[in-house]
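Open the model in your viewer and keep the sequence panel beside it. The stops below each say what to select and what is there.

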Amino acid sequence: MAAITRAEVEHLARLARLELTEGEIDHYAEQLSAIVDAVARVSEVAAQDIPPTSHPIPVTNTFRPDVVRPGVDRDEIAAGAPAWEDDRFRVPRILGES
Amino acid sequence: MSGSTAITRMPFDQALQSFEPVLGLETHVELGTASKMFCGCATEFGGAPNTQVCPTCLGLPGSLPVVNAVAVESTIRMGLALHCDIASWCRFARKNYFYPDMPKDYQISQYDEPLCFDGYLDVVVATDDGPREFRVEIERVHMEEDTGKLTHAGGDTGRIHGADYSLVDYNRAGIPLIEIVTKPIVGAGSLAPLVARAYVTELRDLMRALGVSDVRMDQGSLRCDVNVSLAPAGEPWGTRSETKNVNSLRSVERAVRFEIERQAAVLTDGERVVQETRHFHEDTGETTPGRSKEHAEDYRYFPEPDLVPVAPSEDWIEQLRSTLPEVPSARRARLRDEWGISDLEMQTLVNAEALELVEATIAAGVDQGAARKWWTGEFTRVANEQGVALEDLRVTPAHIARVEALITDGSLTDKLARSVFEGVLAGEGDVDQVIAERGLVVVGDDSTLMSAIEQALADQPDVAEKIRGGKVQAAGAIVGAVMKATKGQADAAKVRTLLLAHLGVEE
């Protein structure tokens, strides 16, 4: 059983910019442990002769030619942005958040 | 603002007596591809904000990246030029972090499987004992994408501190970058700042020669992170600082020097160097602490599931190898021989960052001696005064060719030529416009000069007598008077010849 500790959940929460209650920390520690256990079971099935993979199909070298294609109209982007100013995305101040 | 608090420093020479500097350089260069790394958006610099974006580089749901073939080729060619091994199989990785410069909340990079690794670059620095070569070993060259550009607004300084909010332009997000990382550079001693600068200069020249990037440092297309630590005598390593985003060759040298002086003072005081990110300030030449590493960065890298591995074949690599151009060091040796100049003279051109400009000036038809003289003399002085790069001055090889032609046909003197360039550098126009505007014409016709000579002789009869008596060196006083009378617009040598002929005196 690869238990995920409360400290690990708190660390993950900080990286993900999530504020968790004490109860949620316990809850997620339990759930994440179960997920890690489930994934670990794959290792039991995969023998030494099955190499780890990051992609389901054995394809390499899929490239595109270096050709410029039109992007998206700015007005359309602006319409989807939560906040927009001076032709740019407006985001909250960055320091002082952590 | 920057530099408001005094930072204790130990004089450079003294610092080097007790400590051995160890450097590490991480250089990011934007490749010169037409389209971005993973989508077809244009990479052109200076576009209106958010006009070179699409669902992929905006990180919109459902979009998928596809690798730019030319970016891979450029990275392999750079790796080959740096004598690296090329991976036969490697992957991209996600570098996860929350910051609005990447809308995906991760940057696609490479982690433990760089495309190129284990290379070197030889650089030459000038020392009191002549040129000395250093081998800088390369750890890796990998591919990644650039981030968007943030403008901090609301505060009064435009800097991140005091900003109320930020505005983001994603035109730059997704432009292909290569990151070149050195192994620790040890043994440079007091030459460490020069080695760092020479390395970045050589990298820049190499990339330009390869045509993989135009490397416009003023546009931020080459950015350097400078790691410096000091090893106290008898210890292998010290704690390093990482100075981020050093954006000019001169700044690289200054940042290394400053960190050596600062860390030496810290260590000598019995304190510890803090491992941290620092920022370099162009105005003061100092570094100040940035984000603390207290929360050690945790990027949770994992293989990018949206991209397939890159597995360059031997044939492809060899084909790319065959496209490698003459490397800068070989080119310097060739030009040195073509122009018939010495190693020292070539080193002077390289140090002045004038080699390309001199080559272009010679190509424009100017004699090599004159081309070198203008760039390493007058123009270097002006560039240093203004704190700008030589290539950013307003003067061009074509200007020099025009001025030299006018000197040759007698329309300008060397002195007037300086005045012409003064005008060109000040933005008064091209050579002919400045000449017309400033009225810079050699007073050349003999009758005008003769009447000035006669007037000067009449004003100084005693001098005239001396010259007639054979004291030729006294002629200087008359020539000076004529130059003054013609407001410096006469050819002094010609005045002297006319004067002596007039008095019937032989040289």
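## Stop 1: a salt bridge in chain B

Select B:Arg197 and B:Glu353, whose side chains meet in a salt bridge with N to O at 3.1 Å. A salt bridge here is a side-chain nitrogen of Lys or Arg within 4 Å of a carboxyl oxygen of Asp or Glu. B:Arg197 lies in helix 3 of chain B and B:Glu353 in the loop between helix 7 (343-351) and helix 8 (355-363), so the pair ties together parts that are 156 residues apart in sequence. B:Arg197 counts as buried at 19% relative accessibility, while B:Glu353 is partly exposed at 23%. Buried means under 20% relative accessible area, exposed over 50%, and partly exposed in between (1.4 Å probe, protein chains only). Helices (H or I, at least four residues) and strands (E, at least two) are DSSP runs, numbered from the N terminus.

This is a predicted model, in which local features need pLDDT of at least 70 and side-chain atom pairs count only at pLDDT 80 or more, while totals for chains, interfaces and linings use all residues. Residues are numbered from 1 along each chain as its sequence is written, chains are lettered from A and ligands numbered from 1 in the order in which they are written, and side-chain values use heavy atoms, with hydrogens and water left out.

## Stop 2

Next select B:Glu359 and B:Arg331, a salt bridge whose closest N and O atoms are 2.5 Å apart. B:Glu359 is in helix 8 of chain B and B:Arg331 in helix 6 (residues 328-339), so this pair ties together parts 28 residues apart in sequence. Then pick B:Lys373, B:Glu378, B:Arg381, B:Glu385, B:Asp414 and B:Arg418, which salt bridges with shared partners join into one network.

## Stop 3: the nonpolar cores

Which residues have the most contacts inside the largest nonpolar core? They are B:Leu82, B:Ile180, B:Tyr199 and B:Met207, in a core of 73 residues. A nonpolar core is a set of buried Ala, Val, Leu, Ile, Met, Phe, Trp, Tyr and Cys residues joined through side-chain atoms within 4.5 Å. Helix 3 (residues 192-210) of chain B supplies the largest share of this core, ten residues. A second, separate core has 38 residues, including B:Ala352 and B:Leu393.

Now select B:Ile178, in strand 10 (residues 176-182) of chain B. Is B:Ile178 buried or exposed? B:Ile178 counts as buried, at 0% relative accessibility. Leaving aside neighbours within four places in sequence, B:Ile178 is in contact (heavy atoms within 4.5 Å) with residues including B:Thr27, B:His28, B:Val141 and B:Met207.

## Stop 4: the whole of chain B

Zoom out to chain B, which has 16 helices and 15 strands. Its C-alpha trace spans about 95 × 55 × 50 Å along its principal axes. Of the 507 residues in chain B, 52% are buried.

## Stop 5: where the two chains meet

Show both chains: the contact takes 33 residues from chain A and 54 residues from chain B. How many salt bridges are there between chain A and chain B? The count is zero. Select strand 3 (88-92) of chain A: with five residues, strand 3 gives the most to the side of chain A that touches chain B.
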